[in-house]
Amino acid sequence: MSHIKNIIPTTVNPDLQKERSAATFDVEELAVWFQRSAEKLKTKREVERVVFANLEDGYGLNHEYMSHEDLYNSSVKKVAEAAPKLKALQKKLNPGGKDIWPGGLISEIGNGLFPANHPLATHTSMFVDVINGQGTPEQVAKWGPLAENCNIIGTYAQTELAHGTNVRGIETRADYDIRAGEFVLNTPNLEAYKWWPGGLGHTANHAMVVAQLYISGKHKGVQMFIVPLRHPETHLPLPGIDVGEIGKKLGMASVNQGFLGLKNVRIPRENMLMKFAKVDRDGKFTASPVSRVNYLTMVYTRCLIVELNTQLLLGAATIATRYSAVRRQSPIEPNGPEPQIIDHVTQRLKLFPEIATGIAYHQAAEYMWELYDQTVLDANNGKFERLPDMHVLSCALKVLCSTDGCAGIERLRLSTGGHGYHIAANLSNMYGNAVASYTYEGENTVLLLQIGRALVKTWNNFTQGKGVSSSYAYFEPSMSLKEFPKWDNSWQCIVKALQYTATHKTRIAFENLSERIAAGQSQGQAANNTGIELTRAAELHGRQFVCQTFVEQITGPKAQKRSKALNEVLENVLEMFLVQTVLNNLSDILRFINLTDEDLRSLQKRLEQSLEKFRPNAVAFCDGFDFHDRVLNSVLGSYDGNIYPRLFDAAKRSTMNQKHVQKSFETHLKPLMKSNL
């Protein structure tokens, strides 16, 4: 065991302090902007002060040395202990709101409270909201308060062992028994077992089961049913319920994802959510006024994914940036001193564009929440026109944010060298949490294909002179140009270039799809064979939306509410993001736009200049995200910058270091060392 104790200084690393002193803007103003208001920032800090107080020594690392079962039980304990604190804070700081309870369970605060995750995330983020969003007033009154108060704990059971993103292909059945006024649910084979729902393993006693509805043998589409799973007192599975945990995963250690089989499980007719589609007592079925109304749940969840993945990406960027300001290595001049590695331009390229990417998606998420709220309001008033656009945009953002976020977190981990490989850096856990979103709520390639199909359908309408929604309004100005105008290096030029490219990629995808159909291929075969072009057009459709939204959010009317100094650094971030986006998509852009060698050199120079300009503000900008040390949970990313003492302290906490000699020495290692091989 080490003799070094209490080695973490109480002072801030001088290199990190120097970086903060060099900032050209007010960090507090950025924090207010990032949290969307001074009141929200104040509330967040007060909640953190209360819930992070008096946590046990080693709180953020001890779980790494637990068994799988102990880790789960520890996480349940932490949720149970945190719940009354969060509820009390909600009542005190924002009565009637939901931002602290249950919102705290799935926010950045939750990342700090539950470093190994927890099994109630699906309950709070989906089960409760689906009831409130798609239940009748009577159903909401019955189930809503029970779920919100955790008197019942639920999960959302849609994905099956053999079916995921293709919801229409799920095999779980709900047959309506007219005589009994009940639904009879079955998973007809192993492939139909529900698979992956969070908390399903040993936590939830109810599930929102997505199943194919049949009445008198006739199929009535996919519907949602509240199904009790476990006895309310003993927690034992109810008759006909086969439930358990699926085992360990790459990440999300204690989310307790499970499997569920159903055999002749009966539930009352009232347990089918009937705000939109309905089944009367006599078996009369009333279809939903819009077939895609159930997508509202997924739209909400995808907006949430964008927000949560943005937090993970920016958290990783904060860790890597602080580390890069403290770590010194590789002299720039042969005989010079070792510089902060953040002074290497190649290191800046690893760090700063990820910060810009995080801010871009932060702004896109803010815009999407505004659209979502309006869409829900419209749906409640019987207006569903926004749903198709919201579905496409939320799919695009989910795909891009998860793809870019996961790649960014890994790039940031690599930027911290060997120390980033240590579990105490927390970058691997961040990656494990983020990368799951590449698959859940719609696998990314499948979602891109959905977007691609929407694009070519819209393109067909556009070419026939039919109106298109605002999401595709860029088709018209792009096609009105015989060729793209001379490159002028403006932000609007970049946005229009991306829109022009996205338009023509859509055109080509449509033309190739049409040619394949004309050559005799079926619609399905042609779409499959055009998949590469469809997914690429879909990605560019999303990227032009993110860039356009970012420009509008930073340079539009909202800019007047910010100081000149903050606007300058935000515009620096915007410049970095736009230029990097162009450079990353040159292969497509150059297919349709004539950029000269001078234009390309200019883009490269702009990237380098934006990196240089951002350099003095990098650490302070990350400070503006206001991530608590408990939230980052990283020896490399703490506010004080004492990375080496914290790394050594983490090493001392290894359970193997609690004894000098392990038992395997006498039983195996010593005999091996004395043998004659």
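1. Strands β4 and β8 (residues 258-262) run antiparallel and are joined by two bridges. Lys-194 has Leu-260 of β8 as its bridge partner. Strands here are DSSP runs of E, at least two residues long; helices are runs of H or I of at least four, and both are numbered from the N terminus. Two strands count as paired if DSSP finds at least two bridges between them.

2. A word on the model. It is predicted: local features need pLDDT of at least 70, side-chain atom pairs count only at pLDDT 80 or more, and totals for chains, interfaces and linings use all residues. Residues are numbered from 1 along each chain as its sequence is written, and side-chain values use heavy atoms, with hydrogens and water left out.

3. Back to the sheet. It is open, has three strands in the order β4-β8-β7, and its pairing is antiparallel. The edges are β4 (194-195) and β7 (241-245), each of which pairs on one side only. Strands of a sheet pair through backbone hydrogen bonds.

4. UniProt, in an unreviewed entry, annotates residues 156-265 as "domain: Acyl-CoA oxidase/dehydrogenase middle". UniProt positions follow the numbering used here, feature names are shortened, and annotations may be inferred rather than shown by experiment. The span is 42% strand and 0% helix. Its end C-alpha atoms lie 17 Å apart.

5. The UniProt record (unreviewed entry) lists Glu-441 for "active site". Glu-441 sits in the loop between α11 (427-435) and α12 (444-463). Glu-441 counts as buried because its relative accessibility is 15%. Buried means under 20% relative accessible area, exposed over 50%, and partly exposed in between (1.4 Å probe, protein chains only). Not counting residues up to four places away in sequence, Glu-441 touches Met-126, Met-298, Thr-301, Arg-302, Ile-305, Lys-398 and Leu-447. Contact means heavy atoms within 4.5 Å.

6. Asn-429 is in helix α11. Asn-429 is partly exposed, with a relative accessible area of 23%. Not counting residues up to four places away in sequence, Asn-429 touches Glu-64 and Ile-423. The C-alpha atoms of Asn-429 and Gly-251 are 6.5 Å apart, although 178 residues separate the two along the chain.

7. The largest nonpolar core has 122 residues. Those with the most contacts inside it are Phe-352, Ile-359, Trp-487, Phe-614, Phe-621 and Phe-625. Helix α8 (residues 295-326) gives the most to this core, with 16 residues. A nonpolar core is a set of buried Ala, Val, Leu, Ile, Met, Phe, Trp, Tyr and Cys residues joined through side-chain atoms within 4.5 Å.

8. Take Ile-359. Leaving aside neighbours within four places in sequence, Ile-359 is in contact with Trp-33, Phe-34, Leu-314, Phe-550, Val-573, Phe-621 and Phe-625.

9. Overall, the protein has 23 helices and 11 strands. Its radius of gyration is 27 Å, close to the 26 Å that the globule rule gives for 677 residues, so the protein is as compact as a globular protein of that length. That radius is taken over C-alpha atoms, and the rule is 2.2 Å times the number of residues to the power 0.38. Buried residues make up 54% of the 677. Among contacts between residues at least 6 apart in sequence, 74% join residues at least 24 apart.
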